[in-house]
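Colleague: Could you walk me through this one? I'm new to reading models.

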Amino acid sequence: MSLNRLDLSIFVVLTGLTLLYTVLLSRKHNEKSAVDYLLFGRKLTLPLFVTTLVSTWYGDIFGVTQIAFKRGVNTIAIYGIGFYISGIFFMIFFVEKARKMNVFTLPEIIQKKYGKTAYKLSSLMILIKALPVTYLIGIGLLIQRLFGLDLYYSMIVGLIFVISYIGVRGFSGIIYSDVILYFLIFNMVDIVD
């Protein structure tokens with residue numbers, strides 16, 4: 001990939017605007033509690049929900065599509081069926097009960113039912129499952145291709161960027177950055193078509 005200075009400047013400006021917009025706009029949601037920080041105060045509107053889902057899943061769709069093209073139909077069984085079955089199962093049997101328990105995480109539900117040891121074990125299992133190593137490598141590869149840095153340093157730069165808008169503002173930081181990504185995605189689709 002060969003980018004000229006104009007291409008790089010557009011990337012840098014859009015990244016900077018995303019960070020600025022995310023931090024400034026999410027400030028109006030002054031995080032006063034864990035509910036505000038982790039769950040956006042339980043006030044997520046439908047438009048923000050849709051933009052977050054679209055921008056989050058768009059990359060997954062491209063990635064899974066590439067895997068399906070290379071590996072075939074079994075990709076549906078590996079990446080789709082189990083996820084959707086477990087999501088539907090959770091929705092039917094647990095969502096209402098979890099909401100009534102006034103907890104933030106699945107390990108907290110497990111702790112209330114089975115104790116502290118089960119809480120620690122489930123927390124560890126979820127942490128291992130949720131580690132975004134592939135995303136870290138992905139953003140590292142992008143930065144490496146754009147700026148020619150070593151992959152290790154590129155991943156550190158990407159990690160610092162992500163932590164700067166997620167760690168400071170919590171879920172509101174993710175939501176507002178996803179709004180920008182949502183509009184960029186559809187502008188890129190128009191350009192490609």
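**A helix residue and its surroundings**

Modeller: Let's start with D178, which is found in helix α10; helices are DSSP runs (H or I, at least four residues), numbered from the N terminus. Keep in mind that this is a predicted model, where local features need pLDDT of at least 70, side-chain atom pairs count only at pLDDT 80 or more, and totals for chains, interfaces and linings use all residues. Residues are numbered from 1 along each chain as its sequence is written, and side-chain values use heavy atoms, with hydrogens and water left out.

Colleague: Is D178 buried or exposed?

Modeller: Buried means under 20% relative accessible area, exposed over 50%, and partly exposed in between (1.4 Å probe, protein chains only). D178 has 7% relative accessibility, so it counts as buried.

Colleague: Which residues is D178 in contact with, leaving aside its neighbours within four places in sequence?

Modeller: Contact means heavy atoms within 4.5 Å. With those sequence neighbours set aside, D178 touches T51, T52, S55 and T56.

Colleague: How many buried residues does α7 have?

Modeller: Helix α7 covers residues 116-130, 15 residues in all. It's hardly covered, and its count of buried residues is one.

Colleague: What is α6 relative to α7, roughly parallel or roughly antiparallel?

Modeller: Axes are lines fitted to C-alpha atoms, for helices over the stretch in contact, and angles run from 0 to 180 degrees between N-to-C directions. Angles under 35 degrees count as roughly parallel, over 145 as roughly antiparallel, 65 to 115 as roughly perpendicular and the rest as oblique. The axes of α6 (residues 106-114) and α7 come within 7 Å and cross at roughly 160°. That makes α6, relative to α7, roughly antiparallel.

How values were computed:
Helices (H or I, at least four residues) and strands (E, at least two) are DSSP runs, numbered from the N terminus. The expected span of a helix is 1.5 Å times one less than its number of residues.
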